Amino acid sequence: MAISKYFATLLIILFLSLGAHAETITIKPDAPDRYVVQKGDTLWHISARFLNTPWLWPKIWQVNPAIGNPHLIYPGDIIFLTYDADGRPILTLHRGRPTVKLSPEARPSRIDEAISVIPLDAIQQFLTNSRVVSKEEYDKAPYIVAFQNDRVIASTTDKAYIRGVPEDIKQSKFSIIRLGEAFRDPSRNNEILGYETIEVAGVTLDKLGDPASFIISGVERETLAGDRLFSILNDAFSKSYSPHAPKQETDGQIIAVLDGVSRIGQFHVVVLNLGEEDGMELGHVLGIFQSGREVKDKFSEKFGGETVTLPDEKAGLVLVFRVFEKVSYALVMRAERDIRVYDRAANPE
């Protein structure tokens, strides 16, 4: 599979991009000497068994040249933690079971799949059915002006008439979207950073013209006149990130949580008020911090009831997997307490 092949280069990218960083690696006190990879494991959570900073895994990864595709990790493989002559930790991989030949002529191959870096099923819907657009971008997009037979609401196989479709379009399949929640930045006087979009349906081009006609398919919810035509998202970019801390000082906030949850925990998706213009990249790892409470000092005669601000407390870690101009989507990889909207997002400690 393409996903499995991708991981053959992933750890090499990680090693090259992180090897020069000055971040300190610390081994967990209860780290095992060995770990057998299980189905459903991810690279992040395996490394979290050994390291306090899971994204620094490549700095202590030692390739075994005797193993084919040593950067691919499969269920049943064994990861060993050892130390070199200088006491530096090393992680090595041993194949837990051999590859198989399906025929005498076939090359040896795995019958299972390599593990992923993070749980892809937690973010898949946000890779293919979610985007952030500006109001201007939305207003300029082609729009449904009417439906066949004067329908008010359309469903699968109905015909939609859409204006503003370019005559030179190459593709035949598109998405119909509707404007959703506005993402506002509390640190910038509630400036609107973009709008979440709602995937309404898929359509297939029937005939060009003004208006052009499309056949509706894959309905997610009721389709209405005024809904907009956008290109289908290509999720190829979703496999191109590698976990790493930002090189620059980063300071932002969680401004929303996706998928309708009220309490934010592990594997929930949050929206950050940090985007491409702030230097965000796919794979950036950020710490989440909760602002310290203000309390009255009732016990000091010297300060006489002075208000004291308690230190910020670390609440978890997130990994950025979608980056837009002014916002990013991030997956909560670790939640040490309930994470809240408006918690601070900054360089991990």
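Visitor: Welcome me in with a strand pair: how many bridges join strand S2 to S4, and do they run parallel or antiparallel?

Guide: Strands are DSSP runs of E with at least two residues, numbered from the N terminus, and two strands pair if DSSP finds at least two bridges between them. Here S2 (residues 61–62) and S4 are joined by 2 bridges and run parallel. Within S4, Leu91 is the residue opposite Trp61.

Visitor: Thanks! What should I know about the model itself?

Guide: This is a predicted model, where local features need pLDDT of at least 70, side-chain atom pairs count only at pLDDT 80 or more, and totals for chains, interfaces and linings use all residues. Residues are numbered from 1 along each chain as its sequence is written, and side-chain values use heavy atoms, leaving out hydrogens and water.

Visitor: How many residues of strand S4 are buried?

Guide: Buried means under 20% relative accessible area, exposed over 50%, and partly exposed in between, with a 1.4 Å probe and protein chains only. Strand S4 (residues 89–94) is mostly covered, with 5 of its 6 residues buried.

Visitor: In which sense do S3 and S4 pair?

Guide: Strand S3 (residues 78–83) pairs with S4 in the antiparallel sense, over 6 bridges. Phe80 has Thr92 in S4 as its bridge partner. The two strands form a hairpin with 5 residues between them, and Gly87 in the turn has a positive phi of about 85 degrees.

Visitor: Which strands close into a barrel?

Guide: There are 6, in the order S14-S15-S20-S19-S16-S21, with antiparallel pairing. As one example, S16 (residues 285–290) and S21 (residues 344–346) share 3 bridges, and Ile288 stands opposite Ala345 in S21.

Key. Helices (H or I, at least four residues) and strands (E, at least two) are DSSP runs, numbered from the N terminus.
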